[in-house]
Amino acid sequence: ILFGRDAKTLYTMWHKQHSCIMVEDLSAAVTYAVTLSAKQAAVILSPACASFDQFSHYQQRGAYFVDSVKNRTA
């Protein structure tokens, strides 16, 4: 699930070998990941690059991710 400034570049490089989808932002990525995951499954954030186009630093991105997952699986 790709989002952010480099999503199109990564999609171009990966889509022939891997299942990829581009979404608007981290919130949309979490929503999509949760819908794909089985009950009690893990949803993991695995950044391929920095998200400075959407977050000030990695701690902010991580906190937003944790909050988003908790809010959608509660």
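Ser-27 sits in helix H2. The model is a predicted one, and the values below are computed from it. With a relative accessible area of 18%, Ser-27 is buried, since the cut-off for that class is under 20%. Leaving aside residues up to four places away in sequence, Ser-27 touches Tyr-64 and Arg-72. Helix H3 covers residues 58-73.

## Helix H2

Helix H2 spans residues 26-36, and its buried residues are Leu-26, Ser-27, Ala-29, Val-30, Ala-33 and Val-34. Viewed along the axis of H2, these buried residues fall within an arc of 160°, so they line one face of the helix.

Which residues of H2 are exposed on the other side? They are Thr-35 and Leu-36.

## The loop between H2 and H3

Ser-46 belongs to the loop that joins H2 and helix H3. Is Ser-46 buried or exposed? Its relative accessible area is 61%, and the class of exposed residues begins over 50%, so Ser-46 is exposed.

Ser-46 and Ile-1 are 45 residues apart along the chain, and their C-alpha atoms are separated by 9.9 Å.

## Overall fold and dimensions

The protein contains 3 helices and 0 strands. Read from the N terminus, the order of elements is α-α-α. The radius of gyration is 12 Å, close to the 11 Å that the globule rule gives for 74 residues, so the protein is as compact as a globular protein of that length.

Along the principal axes, the C-alpha atoms fill a box of roughly 35 × 30 × 15 Å. Of the contacts with a separation of 6 or more, 46% are between residues 24 or more positions apart.

## Burial, surface and charge

How much of the protein counts as buried? The share is 26% of the 74 residues.

The accessible surface amounts to about 5400 Å², and carbon and sulfur atoms account for 54% of it. Among the side chains, 7 are positive and 5 are negative. The centres of the positive and negative sets lie 7 Å apart.

Definitions and conventions:
Residues are numbered from 1 along each chain as its sequence is written. This is a predicted model: local features need pLDDT of at least 70, side-chain atom pairs count only at pLDDT 80 or more; totals for chains, interfaces and linings use all residues. Side-chain values use heavy atoms; hydrogens and water are left out. Helices (H or I, at least four residues) and strands (E, at least two) are DSSP runs, numbered from the N terminus. The radius of gyration is taken over C-alpha atoms; the globule rule is 2.2 Å times the number of residues to the power 0.38. Buried means under 20% relative accessible area, exposed over 50%, partly exposed in between (1.4 Å probe, protein chains only). Contact means heavy atoms within 4.5 Å. Accessible areas come from the Shrake-Rupley method with a 1.4 Å probe; for residues, only the protein chains shown count as cover. Lys and Arg count as positive and Asp and Glu as negative; His and the chain ends are not counted. The place of a charge is taken as NZ of Lys, CZ of Arg, CG of Asp or CD of Glu. The arc is that of the directions from the helix axis to the C-beta atoms.
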